[in-house]
Amino acid sequence: MNRRLRALQPYAPYALLAAVVLLPFAAPGYIFTLDAAPVPHIPAPHAGGSDYLWQELLHILNSAVPSQVIEKLLFVAIILGSAIGMHRLMDFLQRRTGHDTTLGWGPARYFAGLLYAVNPFTYDRFMAGQYGVLLGYALLPFVLEALLAFAVHPDRRGMLRVALGIVLVSIVSLPTTGLAVLAGALTLAAAAWQQRRKARLLRQYVRYGLGAAGIFAVLSSYWLLPALLGKGALAQQVHTFTPAHTAAFATVGSGFVGKLAHVAQLQGFWVEPHGLFTLPQEQLPGWGTVRLLVWALAVVGAVVLYRSSRQLGATFLLIGLSGWLLAAGLAAGLLTHFGYREPQKFAALVALSMAVFAGFGVAQIVALGRARSEGWANAAVAAALVVLLLFTPTMYWGFGGQLRPRKYPDGWFAANAFLAQQGGSYQAVFLPWHEYMSFAFTADRIIANPAARFFGQPVTISNDPELGAIKPPADAAATRIGALVAGGQHTPLLAAQLAGFNVRFVLLAKDYDYRRYNYLEQQPGFHRVFDSQSLRIYENAAWKGYE
């Protein structure tokens, strides 16, 4: 036990980091963000998606652990996993480059780990509720460490580590799988070029590399095969992508150069201009100077790493450069066919390379300071820590106080109990008719409508994101229902029309623009059967089983 505790001791500062970020979330309640609207009971997943196993695990775990606890454990796992993974990767690079651990390497590892866990990219994704993307992001350093070890000694063990690492990434985050595959291809390409005169080693790269690809294909066949055949959840989703999606989810920036500038500071996420959360530069007037200091550290570190090992330096340069260009929109049309309607996700590779390079930069500066005196070295460490803290000040202490635990209203639970008592097989419709909207219980923060997952009975919500020129599929049942209820019509035909979709109940939450649906009070065929401070239910008298 003591040996295990000693092995974990180097990671203790990251537990402090997690506390500084997440401690305000310790109170009971849920953390509501744009795409993350957690519900008390995590539903069983539909088969076909790459994350089926992950969602099934969460569903099973929820039978013993409250969902709000699971949600907060995921936050801790993301921060600790990101920081520890980068720390381990830096340890590996230190051993491969032969850097003296007595110089500036201790601060370098922690700087890289902290920077990888807390930066504008991770902040944006947290505020958008893209926790799957962040879990995959946290696994990237572990996968890259396995890839670099495989490049040194290509064997069966290394093959299994790489394959299983990428499989694990695909289970929690399919978009991040493409990043891991790209990083793997570039890592092996750099290694193959460095070892191009060693025919035996090159044959091992091919042999075990194909073996890793085969293992991944077999273990991922439950979602990969349907996708390749044009079926399954992934293929259906990609089929719906249009030029309107490409425009709406494009990286922020004026022209390609402007997009490159945003990605270089680990930003450019399409959500940023919508004012849904505070950006670091909005909170800290001198943030531009801090950004330049981070870049300077990364440039110094890139030179140091390349001089220490051309192969490793080239590997991270290739990973960072490819992520930078793709995140800025290069080949955006092609990426859409692979499910990337939003290319800025590739900025994760920029964050990874930046953390590695900046860590080497800190090591160099601390070593130079120590050559003068211990006081200079300590000053360099303190300055690096200040830069790190100021790079993403909006992320600390509950994301700058922007997020705190919230609870669903009692009326929602009472309405769910009411629906559970009703017999028959039926559908319900939820109003206001918005896929994304603000609720009083989220302090008016806009979130993905949670009604379809909160209530135990089937509930249809809007499928219109109301974003740019994106339109929902015209033939979808939700689209046709929306055309009936969203306009505020007073027509004697509405009850019968909704009954054609097996709609028995209409749920009206008293949030946002709910007053536009007051027409239901006088609508023929609808009777109010439940009312609370937060939600009202109408029953459709035209429903086939109505008595």
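Author: First, a term. A helix axis here is a line fitted to C-alpha atoms over the stretch in contact, and angles run from 0 to 180 degrees between N-to-C directions. Keep in mind that this is a predicted model.

Start with helix H17 and helix H19. H19 covers residues 347-372. The two helices pack at an angle of about 145 degrees. Their axes are 7 Å apart. The crossing of H17 past H19 is left-handed. Who makes the contact? From H17 come Gly313, Phe316, Leu317, Ile319, Gly320, Ser322, Gly323, Trp324 and Ala327. H19 supplies Ala347, Leu349, Val350, Leu352, Ser353, Val356 and Phe357. By class, this contact of H17 with H19 holds 11 nonpolar and 5 polar residues, and no charged ones.

Now turn to the other partner of interest, helix H16. H16 spans residues 287-308. H16 and H17 pack at about 140 degrees, with axes 5 Å apart. Angles over 145 degrees count as roughly antiparallel, so at about 140 degrees H16 is oblique to H17. On the H16 side, the contact uses Leu305, Tyr306 and Ser308. On the H17 side, Arg310, Leu312, Gly313, Ala314, Phe316 and Leu317 take part. These residues divide into 6 nonpolar, 2 polar and 1 charged.

Ala331 sits between helix H17 (310-327) and helix H18 (332-336). Most residues other than glycine have a negative phi. Ala331 has a positive phi, near 60 degrees.

Leu266 lies in the loop between helix H14 (255-264) and helix H15 (280-283). Leu266 counts as buried because its relative accessibility is 1%, and the cut-off is under 20%.

Then a peptide bond. Most peptide bonds are trans. The one from Leu431 to Pro432 is cis, with omega near 0 degrees. Pro432 is in the loop between strand S1 (427-431) and strand S2 (436-438).

Last, Leu139, in helix H7 (residues 131-152). Beyond neighbours within four places in sequence, Leu139 contacts Leu168, Val169 and Val172. Leu139 and Met86 are 53 residues apart in sequence, with C-alpha atoms 9.3 Å apart in space.

Terms used:
Residues numbered from 1 in each chain as written. Predicted model: local features only at pLDDT ≥ 70, side-chain atom pairs only at ≥ 80, totals over all residues. Heavy atoms only, no water. Helix = DSSP H or I, 4+ residues; strand = E, 2+ residues; numbered from the N terminus. Contact = heavy atoms within 4.5 Å. Buried < 20%, exposed > 50% of the residue type's maximum accessible area, 1.4 Å probe, protein only. Left-handed = near helix turned anticlockwise from the far one by under 90°. Nonpolar A, V, L, I, M, F, W, Y, C, P; charged D, E, K, R; others polar. Parallel < 35°, antiparallel > 145°, perpendicular 65-115°, else oblique.
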